[in-house]
Amino acid sequence: MGQTIAQKIIAAHLVSGEMIPGSEISLHIDRTLTQDATGTMAYIEFEAIGVDRVKTELSVAYIDHNTLQSGFMNADDHRFIRTAAAKYGIHYSRPGNGICHQVNLERFGVPGKTLIGSDSHTPTAGGIGMLAFGAGGLDVAVAMGGGAYSMIMPRMYRVNLTGKLSPWVTAKDVSLEILRILSVKGGVGNIIEWGGEGVKTLSVPERATITNMGAELGATTSIFPSDEITRKFLAAQGRESDYTPIFADPDAVYDRVIDIDLSTLEPMAACPHSPDNVKPISELAGTPVSQVCVGSCTNSSLADMLSVAAILKGRQIAPSVGMSVSPGSKQVLSMLSSCGALTDMIGAGARLLECACGPCIGMGFSPESAGVSLRTFNRNFEGRSGTRDAKVYLVSPQVAAASAITGFITDPRTLGDYPQINMPEIFTVDDSGVIPPLSPEEAKNFEVVRGPNIKGYPATYPLTDEIDAELTLKVGDNITTDHIMPAGAAILPYRSNIPKMSEFCFNVCDPAFPERAKKAGKSIVVGGSNYGQGSSREHAALVPLYLGVRAVVAKSFARIHKDNLVNAGILPLTFADAADYDALDQGDELTLTGLNEGIVTGKVTLKDKTKNIEAELVCELSARQQQIIKAGGLLALTGSRKAN
């Protein structure tokens, strides 16, 4: 039996385990990336592991999230990351060089390599044929230290593409179509491979848009073949020597096959407040728009920006609309400037933001109150934009530009013929924004500099046989890491300060939770299905740990967040009968019993002492994860092994 693309790369990097779906495997990791919102904790954790220098073939630290420096905190974090990178053998992509996933695609993406990053959109690199995973910062720290990355062997899905996209229809619409088909939960436990004759019509940046938004499906990762189009992209970047062809075998077997005819698609949008709330633009046309944002790791490539510039050229943005443009990298910005496209966008009234995540992570350019914001981003969770009552739609750059001109959600097909976009054969290469690390000899006496906002890792707790605790918070389905640990300009500067961040925990759901949890001392949180979807931010586990949360009981978990809970030493449990969720109420006194045995057998009993009822829970942990939970977290386990 033949192998899929992912299976081939997994087999070549397999350290332990068998490639049987549902069983745990461990992979050798070639490369890592971090960004500044997660990087400070990742490097604090790396230092705690006690390795003198990274063991990967390449690790890169990007500064792209916390670039709004309204105080000393972000600047101090950047200095810490820069000095840690210099000392420990990590390349440092300085502020302004670009968004991690866009720069990685341009300068560092290599087909057939494995990559993990402390950012959930790391699978963007699947557009160039890498097997790339989003992970918590501690998993990245372990990989940098030479450890394997452990995961549950996924099932394999294939999406067969036929036909060709019509004018004004884009890769963003392909992403929205698969979200419409599968939902934000439909990719959980799966790797999604894209194939078929239609793949040959998509450029690498278009493929990267699709793999980027695979994160919104909950997929383990997404990947395209590495083919002649991949080779041409690498050649244009001056990196043709990095090319390796990778295809699935003709007799590869998939657990599910989905067929999409590209020629049947039309412009679409994800409506508030979920990426899978997808509707055709034709149904939304005429809705007044107050803001348009173009950029993010989803749609900030040169091709995306040139399309927007061509639409805006000679036109003016509607008076009622504020529009921002965030090129994905210094390379993109430089080439836009050289060809005059930047002048066309600014001349139309767009505001140029720096090459960073910016509005996507809630770092500035928030919408007006109750405003309608069209964004070329990947997430539209409630409040993520920085404005609680804003209505955020996810759209293609073409829809965004057309709507900016009219002031209403507009089907771009009404603008007439699609403008001619001429892509260069050779891209401008300037890697001066990436600072290489010091040599091992130079690094010996080099000091890593910490500012006063940088705190340590929170205290952890080894497993006890019983947990008696109050149910301090009960939440519903599809709780995101933005709900648990919000982003935004007011909060992100404290990403290296867990005690301060705890003040904002679950503020979107219940602002009183932090004080209630502190008062309780230790507590249990109960959630619905797909608990922890969205970002890979491990702060959504570390902050509850600091507040005394010892267990989370949910109907189901998102993959990365469950891993982060385990790494933090918080016990993740699911209801054997989902109906038992309804019987529990916030404020109930709960007891979890038989935990030492239960993490092995997979069966734990929950007793609600307030209501005098019981419920059976399921504990799905690998043997490795059981050891982590017993020790009180991965860092505690790593430290104990080092001591021995």
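**Entry 1: strand E25 and its partners**

I began with strand E21 (residues 467-474), which pairs with E25 in the antiparallel sense over 4 bridges. I count two strands as paired if DSSP finds at least two bridges between them. Helices (H or I, at least four residues) and strands (E, at least two) are DSSP runs, numbered from the N terminus. I keep in mind that this is a predicted model, where local features need pLDDT of at least 70, side-chain atom pairs count only at pLDDT 80 or more, and totals for chains, interfaces and linings use all residues. Residues are numbered from 1 along each chain as its sequence is written, and side-chain values use heavy atoms, with hydrogens and water left out.

Opposite isoleucine 467 I found leucine 592 in E25. On to strand E26 (residues 603-608): E25 pairs with E26 in the antiparallel sense, again over 4 bridges. Here leucine 590 has aspartate 608 in E26 as its bridge partner. Is E25 mostly covered or mostly open? Of the 5 residues in E25 (residues 589-593), 4 are buried; buried means under 20% relative accessible area, exposed over 50%, partly exposed in between (1.4 Å probe, protein chains only).

**Entry 2: an open sheet**

Next I traced an open sheet of 6 strands with mixed pairing, in the order E7-E6-E3-E4-E5-E20. Strand E7 (131-134) and strand E20 (434-435) each have a single partner strand, so one side of each has no neighbour in the sheet. Helix H5 (residues 137-144) packs on this sheet and touches E3, E4 and strand E6 (114-117). Contact means heavy atoms within 4.5 Å. The direction of H5 makes about 140° with that of E3; axes are lines fitted to C-alpha atoms, for helices over the stretch in contact, and angles run from 0 to 180 degrees between N-to-C directions.

**Entry 3: arginine 239**

I looked up arginine 239 in the loop between helix H8 (228-236) and strand E12 (256-261). Arginine 239 is buried, at 6% relative accessible area. A polar atom of its side chain lies 3.0 Å from the backbone oxygen of glycine 109. Not counting residues up to four places away in sequence, arginine 239 touches several residues, including Phe108, Ile128 and Leu234.

**Entry 4: cysteines**

How many disulfides are there? The count is 0, with a disulfide being a pair of cysteine sulfur atoms within 2.5 Å. The sulfur of cysteine 360 has its closest cysteine sulfur in cysteine 297, 6.0 Å away, so it is too far for a bond.

Note on methods
A polar contact is a pair of N or O atoms within 3.5 Å; within protein, one must be able to donate a hydrogen and the other to accept it, and residues adjacent in sequence count only if both atoms are side-chain atoms.
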